[in-house]
Amino acid sequence: MDISSFENLLKVAAQQSEPQRMLFVFVQKGPPDDRSADNAASFRAGSGGTLTPVVCVDKAVTDIDSFADLAKESEATGQRWDIVLVACLAGSNGVAPSVSEVDRGLETMVDAVKTGDKLWRFLAFDHRGDPLQINA
């Protein structure tokens with residue numbers, strides 16, 4: 001499945017046969033732990049560094065109209081963020097995922113950010129809604 005934009009993601013999620021919950025982890029970029037000259041230069045150039053989760057939330061696909069609306073809503077938290085990681089969690093038999101399934105999914109995403117492990121599993125968008133590719 002090729003997701004080329006956030007709006008495309010919303011469309012694809014809405015077309016699924018089972019109800020979807022969208023999981024969002026908003027993260028801040030920070031300087032690399034290893035502050036060598038090469039790593040610092042890479043960070044200033046827009047690559048490398050660390051990611052820190054600052055806000056996580058889940059929403060039904062029908063509760064999101066656009067990336068601009070999601071970004072505007074995120075401003076109400078007062079937390080600065082640079083990247084949002086997104087995953088979709090499918091329900092089964094016509095029933096949306098349970099609260100505990102959603103919580104586990106968000107916890108898995110936050111843990112992945114903290115460890116830097118398997119971030120490629122999630123879609124990523126910058127603050128403008130442009131898709132990103134994270135290589136961890």
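A residue is taken as buried when its relative accessible area is under 20%, as exposed when that area is over 50%, and as partly exposed in between. In this predicted model, lysine 59 has a relative accessibility of 13% and therefore counts as buried. Across the protein chain, which has 136 residues, buried residues make up 35%.

The protein chain contains 4 helices and 5 strands. Along the sequence these elements follow the pattern α-β-α-β-α-β-α-β-β. Among contacts with a separation of 6 or more, 73% join residues 24 or more positions apart. The chain exposes about 8100 Å², and carbon and sulfur atoms supply 47% of that area.

Helix H3 spans residues 67-75. Its buried residues are Phe67, Leu70, Ala71 and Ser74. They cover an arc of only 95 degrees around the axis, which puts them on the same side of H3. Ala68, Lys72 and Glu75, on the other side of the helix, are exposed. The cover over the buried residues of H3 comes from several parts of the chain, including helix H1 (6-14), strand S1 (20-30) and strand S2 (50-60). Strand S3 (83-90) and strand S4 (123-126) also belong to this cover.

When neighbours within four places in sequence are left aside, serine 74 is in contact with Phe26 and Trp81.

The largest nonpolar core has 19 residues. Within this core, the residues with the most contacts are Phe6, Met22, Phe24, Val84 and Val86. H1, S1, H3 and S3 are the elements that give two or more residues to the core, and the largest share, 5 residues, comes from H1. Apart from this core lies another, of 16 residues, with Leu23, Val25, Ala87 and Ile134 among them. The surroundings of valine 84 can be listed in more detail. Not counting residues up to four places away in sequence, valine 84 touches Phe24, Val25, Phe26, Phe67, Leu123, Ala124 and Phe125.

A search of the whole structure finds 5 salt bridges. One of them joins glutamate 73 and lysine 59, with the closest N and O atoms 2.8 Å apart. This pair links distant parts of the chain, since glutamate 73 is in helix H3 and lysine 59 is in strand S2, 14 residues apart. The two partners fall into separate accessibility classes: glutamate 73, at 42% relative accessibility, counts as partly exposed, whereas lysine 59, at 13%, counts as buried.

Another salt bridge is formed by the side chains of aspartate 82 and arginine 80, at 2.9 Å from N to O. Arginine 80 has a relative accessible area of 45% and is partly exposed. Arginine 128 forms a salt bridge with aspartate 130, in which the closest N and O atoms are 3.2 Å apart. Arginine 128 counts as exposed, at 66% relative accessibility, while aspartate 130 is partly exposed, with a relative accessible area of 34%. Both residues belong to a network of salt bridges that links Asp126, Arg128 and Asp130.

Positive phi values in residues other than glycine were noted at asparagine 93 and lysine 118. For asparagine 93, phi is near 55 degrees. This residue is found in the loop between S3 and helix H4 (99-115). Its relative accessible area is 73%, a value over the 50% limit, so asparagine 93 is exposed. For lysine 118, phi is near 60 degrees. Lysine 118 lies in the loop between H4 and S4. Its relative accessible area of 41% lies between the two limits, and lysine 118 is therefore partly exposed.

Terms used:
Residues are numbered from 1 along each chain as its sequence is written. This is a predicted model: local features need pLDDT of at least 70, side-chain atom pairs count only at pLDDT 80 or more; totals for chains, interfaces and linings use all residues. Side-chain values use heavy atoms; hydrogens and water are left out. Contact means heavy atoms within 4.5 Å. Buried means under 20% relative accessible area, exposed over 50%, partly exposed in between (1.4 Å probe, protein chains only). The arc is that of the directions from the helix axis to the C-beta atoms. Accessible areas come from the Shrake-Rupley method with a 1.4 Å probe; for residues, only the protein chains shown count as cover. A salt bridge is a side-chain nitrogen of Lys or Arg within 4 Å of a carboxyl oxygen of Asp or Glu. A nonpolar core is a set of buried Ala, Val, Leu, Ile, Met, Phe, Trp, Tyr and Cys residues joined through side-chain atoms within 4.5 Å.
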